[in-house]
Amino acid sequence: MKFSEHWLRTLCNPPIATAALADAMTMAGLEVENVEPVAPPFANVVVARIDSIRAHPDADRLRVCDVDTGNGERLQIVCGAPNAVAGMRVACAREGATLPGGLAIRRASMRGVESQGMLCSARELGLADDASGLLELPSQFAPGTPLREALDLDDSLLTLKVTPNRADCLSLLGIARDVAAITGAPLVEPSWTNARVESAATQRVTIDDPAACPRFASRVIEGVNANAPTPRWMRERIERSGLRPISAIVDVTNYVMLELGQPLHAYDRRQLAGDIVVRFARQGEQLTLLNGDVLKLSPDLLLVCDAGKPLGLAGIMGGEHSGIGVDTTDVLLEGAFWNPATIQGRMRALGFASDAGFRFERGVDFALGPRAVERATQLIVDICGGRAGPMSDAKAALPVRTPVLLRTARVEKLLGIAIDAAAIARIFARLGLSFERRGDDFIVTPPSFRFDLAIEEDLVEEIARIHGYDAIPAVIGHHSQQILADPEGPRSVGDVKSRLCARGWQEVVTFSFVSAESERAIDPAASPVVVQNPIASHLGVMRSTMLPGLLGVLAANVAQGIRRARLFEHGRVFAHGQDGAGFLQPLRIGGAALGTVVPEQWGTRSRPVDFYDVKADLAALVGDARLETPAAAHSALHPGRSASVVIDGVTAGFIGELHPRLVRHFELPSPPVVFDVDAAALQGGTLAHLVVVPKTPVVRRDLAVVVDETVSAQAVLAAAASAKAPFVGEISIFDVYRGTGIASGRKSLAILVLMQDTARTLTD
């Protein structure tokens, strides 16, 4: 919100300088982002009148002007501006003047003719970029008047960073209310005399959805002169607020929006066919906006229409049939209250924004519409003439401001200081809040323009703002802390990551949002969680496994010429809860290995990474836990080359070679080996304990067991482990043989058994 300091001071004028005012507002929660002067510094520049012009005797493009600078002083100034004419009011830099950039004006000879000053363009004064001619001033300006005074150039422009909850401060009146409360200076609200009703003209309004439009105030003004010029003071205030003057009637609606905070819209009544109807868009409807954009309307867009066509997007922007033209004579003024829920998100979806929509989606004072229409009527009649019709105020159930209980004891508890009830009452009075005292407690009814006051803590915040945050002492409190026991067995996620990094893996971080196409490719039967408002069209669902991001990073690296990668990621996956209730968000660790087992080198023969290499890395992560990988099918994995990850008897994820169709989908040169495991399962662990170093030797025995091909090695190891004696330490498979001497469909497993007794040497 950008505004003129001088305009603000017409409503509330605290006796403090600009810098102090900006600091006070910032410390009270209205952050002043920027303070800039309206014009750069210059001195000794006055309003002057060109009395006569004659040709320069020795230069075709120069002319000699006789200039009246007031107080009977007449100067001869040589000028080359093409727009200089006799009788024109101009800006004159007299001898000794200094202009922006440090330029000093001195008496000089121009081609043999003395020039006693300089007539200035807007660019030379730092007021605009136009250097095509002299700055033309209004004819009512008296010669000799200092230019800074005449154009009010000692003003400052303040830019506020208004938070979404303070929609009331998107107007000069709202800002002035807060400044009055902060500084204690009196508030002078804008006042006007309502225009006399001199016409019986009305426009009937029908509201199809009162919840979307609880109020629609309107008035017809007949016989206006749409070509009337906008007064200089109004045009100046609008420009200094960052808006562009357009025409008198449109400028009035913008001025009232800036002054009071109520966006208005003016319709050319000749273009209205029948009654005004407020309704939602119908399927297939289109609307051409005032900015020329053609919209295909969706059913969630609220419209202002007449009997035959849409006129504009309610609360956002008018259509081509709602604008004011140079030949407009009859105007319909609209000052509506739109439910913020019908405006919020619509501009973002449409791809443009407007000042009106910016205010309506945050919440406009629902009681302000008729007042704003009255204010605009008075200004239009004063500037453009015309006859005002009666006010029409179609309204339904308006928002209810529920009283809020404030306990003085609660204020002290939250702020840490005692503020007595009398001081709180004074703060509420300065804020314009109506309240009722009940002992030391208050029942406060928020006004219609403060949507942000709904609970007790909101009122406590208001007390803190006005009392002053810097007036609340910084007291170091006494804190008693107790160190809680932290179990040593389980590993942290950081430890798990460190172990993976130590084995040559690299961590990546990707979006939890992924494309629906990738999710369908990984699991055609998946039903991912859909993002209602995605940050990008290709990130429309939440990931159900860690694979989409990992494979996307692999593909990006391959595209850059990388042929070997070990990537892992720790994060959440998302799924619908049981029976569709809520969502599940477990933490997972996923990985993908592509390329050779070891980097290319002379000392080791290169081979592609396989299932067992990645399983070995997982085994290193689980530590003392029992890791099993029974064969299991998975939609993302190669049939026959996929397995479940089972840790201590609990299924924790999957591991295997990527399915060929996904290798093609992600354009990978070879199938990577991937895994996706529950993070908590990898964090399990046991506490380290003392083991006596035995003095007896270890005895090794090798066993060969011939079994069917269908029997897994893990099943054989499990059977051996269940039968082992107490002195048997390690049982592991070190070879598998198929071939001569072994029947077809059978295999020989070579099993290593290590035995040791700590008390005696074992015998056969």
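Residues are numbered from 1 along each chain as its sequence is written. In this predicted model, local features need pLDDT of at least 70 and side-chain atom pairs count only at pLDDT 80 or more, while totals for chains, interfaces and linings use all residues; side-chain values use heavy atoms, with hydrogens and water left out.

Reader: How many helices and strands are there in the protein?

Author: Helices (H or I, at least four residues) and strands (E, at least two) are DSSP runs, numbered from the N terminus. By this definition, the protein contains 20 helices and 40 strands.

Reader: What radius of gyration does the protein have?

Author: The radius is taken over C-alpha atoms, and the globule rule is 2.2 Å times the number of residues to the power 0.38. The C-alpha trace spans about 130 × 80 × 65 Å along its principal axes. For a compact globule of 764 residues the radius would be near 27 Å, but that of the protein is 40 Å.

Reader: How many disulfides does the count come to?

Author: Cys65 is in no disulfide, since the nearest cysteine sulfur, that of Cys79, is 4.9 Å away. By the rule, the count comes to zero.

Reader: Is Arg166 buried or exposed?

Author: Buried means under 20% relative accessible area, exposed over 50%, and partly exposed in between (1.4 Å probe, protein chains only). Arg166 is found in the loop between β11 (156-161) and α4 (172-183). Its relative accessible area is 5%, so Arg166 is buried.

Reader: Which residues is Arg166 in contact with, leaving aside its neighbours within four places in sequence?

Author: Contact means heavy atoms within 4.5 Å. With those neighbours left aside, the contacts of Arg166 are Asp178, Arg450, Asp452 and Arg465.

Reader: What is the phi of Asn71?

Author: Most residues other than glycine have a negative phi. Asn71 is found in the loop between β4 (63-68) and β5 (74-79), and it counts as exposed at 84% relative accessibility. Although Asn71 is not glycine, its phi is positive, near 55 degrees.

Reader: Where does Arg111 lie?

Author: Arg111 is not a glycine, but it has a positive phi of about 55 degrees. Arg111 is exposed, with a relative accessible area of 54%. Its place is the loop between β8 (108-110) and β9 (113-115).

Definitions and conventions:
A disulfide is a pair of cysteine sulfur atoms within 2.5 Å.
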